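Dear colleague,

My notes on what was found in it follow below.

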Amino acid sequence: MLVQLGVASAWADPLQGNEAEWLKTMVFAAHQTDYSGVFVYQSGGRVEMSRITHVSDENGEHERLESMGGAKRELIRNNDQVWLYTDGRKVKVEKRQIKRAFPALLPEQISTLKENYLIKREEEGEVAGYHVHTVTFQPKDNLRYSRKMWAHYDSGLLLKAAVMDDRDYIIEQYAFMELSIGGNIDRKWISQAKSSPSDISRQVQTSQLTNSELLLTEASGWQVDELPFGFKKILEMRRSFHENREPVIHMVFSDGLAGISVFVEKLNESAHRHSGLAGQGAVHVYNRIIGDSLVTVVGEVPARTVIQVADSVRYAGQ
């Protein structure tokens with residue numbers, strides 16, 4: 001495949017040769033590198049700091065994410081098993097409920113990104129004391145954001161990532177402030193997430209979200225006619241929420257970097273809902289009423305995109 005790619009000009013196809021291999025290195029590094037550090041997340045006026053520790057060994061991947069400031073929250077993952085510690089409780093979480101998180105922002109199937117973004121390496125620099133070089137993802141349309149990622153020059157580990165609007169203004173950003181790659185990293189916390197019979201019993205009692213979800217093997221009848229090119233349906237499910245008498249249809253779409261969720265719920269007679277747009281940072285939310293149903297579209301995309309998607313939602317079932 002690389003030989004075939006080499007026939008084309010590097011300028012005609014930015015995702016070729018070294019660039020493609022470098023993206024694969026970034027994906028691999030997020031899962032195989034041992035590191036520990038503190039990163040900051042900025043979106044609009046919101047700023048959050050978290051401490052993350054990641055270890056890869058003969059038993060697989062282990063990750064610990066701790067919130068810093070505010071309510072104490074801790075997420076521990078051993079491969080596909082994820083536990084959330086909050087308010088003195090330990091709750092098992094389905095991994096598919098957690099979106100791709102920093103620094104593992106790139107999808108494993110990077111070939112799909114080329115369909116939607118022009119990808120190229122740019123300048124070198126420094127983040128958290130480490131030498132990095134930059135990869136930019138420029139969208140081929142105006143229905144998604146451009147992105148910029150700074151990766152460790154030696155390992156490929158992602159150290160900084162920014163989402164930018166069409167004026168190149170940063171609207172969302174992750175960046176390590178402190179970081180240690182390799183070396184002697186504390187591993188005592190890894191055993192915390194191992195299951196026991198009492199843990200499983202507690203999971204049944206406390207993990208209401210998992211128990212109230214049902215993945216749909218057949219389409220619900222609701223469909224989206226005008227998704228941006230390259231967005232594919234990842235899953236469709238029925239979810240029960242406390243305030244809803246009937247399950248809510250939830251569809252998730254992704255282009256590999258950006259995600260869009262579509263929720264369809266029956267309107268309660270007592271509910272005072274109306275159409276409207278809201279947003280913070282890179283995320284926009286748009287509501288639209290269709291008959292006796294409320295359609296809500298949430299996406300890490302420009303406002304025009306969630307409006308386009310919501311306006312194209314319709315019921316095509318029997």
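Strand β9, residues 146-152, is mostly covered, with 7 of its 7 residues buried, where buried means under 20% relative accessible area, exposed over 50% and partly exposed in between, for a 1.4 Å probe and protein chains only; helices (H or I, at least four residues) and strands (E, at least two) are DSSP runs numbered from the N terminus. Please bear in mind that this is a predicted model, in which local features need pLDDT of at least 70 and side-chain atom pairs count only at pLDDT 80 or more, while totals for chains, interfaces and linings use all residues. Residues are numbered from 1 along each chain as its sequence is written, and side-chain values use heavy atoms, with hydrogens and water left out.

From β9, the residues S146, K148, W150 and H152 point one way, whereas R147, M149 and A151 point the other way, and all of them are buried. Strand β8 (residues 130-139) pairs with β9 in the antiparallel sense over 6 bridges, pairing being called if DSSP finds at least two bridges between two strands. Within that pair, V132 has H152 of β9 as its bridge partner, and the two strands form a hairpin with 6 residues between them. β9 also pairs in the antiparallel sense with strand β10 (residues 158-164), again over 6 bridges, and here the bridge partner of K148 is A162. The hairpin of β9 and β10 has 5 residues between the strands, and G156 in its turn has a positive phi of about 90°.

**The cavity**

A search of the whole structure finds 1 cavity of 30 Å³ or more, and the largest cavity has a volume of about 40 Å³. A cavity is a set of points on a 1 Å grid over the protein atoms alone where a 1.4 Å probe fits but cannot get out, and lining residues have an atom within 4 Å of a point; points are joined across faces, edges and corners, and the volume is the space filled by probe spheres set on them. The lining consists of M26, V27, A30, H31, P103, A104, L105, L106 and L158, and its largest share, 4 residues, comes from helix α2 (residues 17-32).

**F263**

F263 lies in strand β16 (residues 259-266) and is buried, with a relative accessible area of 19%. F263 touches R239, V248, I249, H250, L294, V295, T296 and V298, not counting residues up to four places away in sequence, contact meaning heavy atoms within 4.5 Å.

Best wishes

Note on methods. On a 1 Å grid over the protein atoms alone, a cavity is a set of points where a 1.4 Å probe fits but cannot get out, and a pocket is an open set with protein on both sides within 12 Å along at least five of seven lines; lining residues have an atom within 4 Å of a point.
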